[in-house]
Amino acid sequence: MEKTPYDRPARPWDLFNKNLGRVETVIAEDRMAICRACPKFIDSTTQCKECGCIMKLKTKLPNASCPLGHWDTVRVSYSEETK
Ligand code: SF4
């Protein structure tokens with residue numbers, strides 16, 4: 001089976017990859033809600049203390065995941081992703 005960018009964890013440069021697409025707004029919002037309730041979330045910068053990422057951006061990447069597995073309830077399937 002052909003390897004796609006969705007088969008690997010998100011990297012910062014994925015934010016510039018227009019071919020990767022973005023998740024639906026509702027998925028990104030669900031992820032953001034989980035982050036905002038998480039003790040690892042830094043409100044002022046919207047960064048995660050665990051991965052250092054800016055969550056306002058990372059939550060939109062289809063291949064992104066929470067390093068502690070907190071997003072598992074809003075897992076994105078390939079077909080739900082939008083370009
Ligand atoms: S990515 Fe995970 S660990 Fe980081 S703030 Fe969000 S829920 Fe918390």
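Author: Here is a walk along that helix, with its surroundings and a few spots elsewhere in the chain.

First, the ground rules: this is a predicted model, where local features need pLDDT of at least 70, side-chain atom pairs count only at pLDDT 80 or more, and totals for chains, interfaces and linings use all residues. Residues are numbered from 1 along each chain as its sequence is written.

As for confidence, pLDDT is the predictor's own score for each residue, from 0 to 100. The protein averages 86, and 83% of the residues score at least 70. Helix 1 has the lowest confidence of the elements, at a mean of 95, while strand 1 (residues 41–42) has the highest, at 98.

Now the layout. There are 2 helices and 2 strands, in the order α-β-β-α from the N terminus. Helices (H or I, at least four residues) and strands (E, at least two) are DSSP runs, numbered from the N terminus.

Helix 1 covers residues 25–36. It has 12 residues and reaches 16 Å from its first C-alpha to its last, close to the 16 Å expected; that expected span is 1.5 Å times one less than the number of residues.

Which way do its residues face? A residue is buried if 20 or more other C-beta atoms lie within 10 Å of its own, exposed if 12 or fewer, and partly exposed in between, with C-beta atoms placed from the backbone. By that rule, the buried residues of helix 1 are I27, A28, R31 and C35. Seen down the helix axis, they fall within an arc of 95 degrees, so they line one face of helix 1. The arc is that of the directions from the helix axis to the C-beta atoms. On the face turned away from the buried side you'll find the exposed residues T25, V26, A33 and R36.

So what does the buried side pack against? Its partners are strand 1, strand 2 (47–48) and helix 2.

T59 counts as buried because it has 24 C-beta neighbours inside 10 Å. Leaving aside neighbours within four places in sequence, T59 is in contact with A28, R31, M32 and A64, where contact means C-beta atoms, placed from the backbone, within 7 Å.

P62 and L20 are 42 residues apart in sequence and 7.5 Å apart in space, C-alpha to C-alpha.

Then there's the ligand. Of the 13 residues around it, C35, C38, C48, C66 and H70 come nearest; a residue counts as near if its C-beta atom, placed from the backbone, lies within 6 Å. C35 is also one of the buried residues of helix 1.

Conventions:
Two residues are in contact if their C-beta atoms, placed from the backbone, lie within 7 Å.
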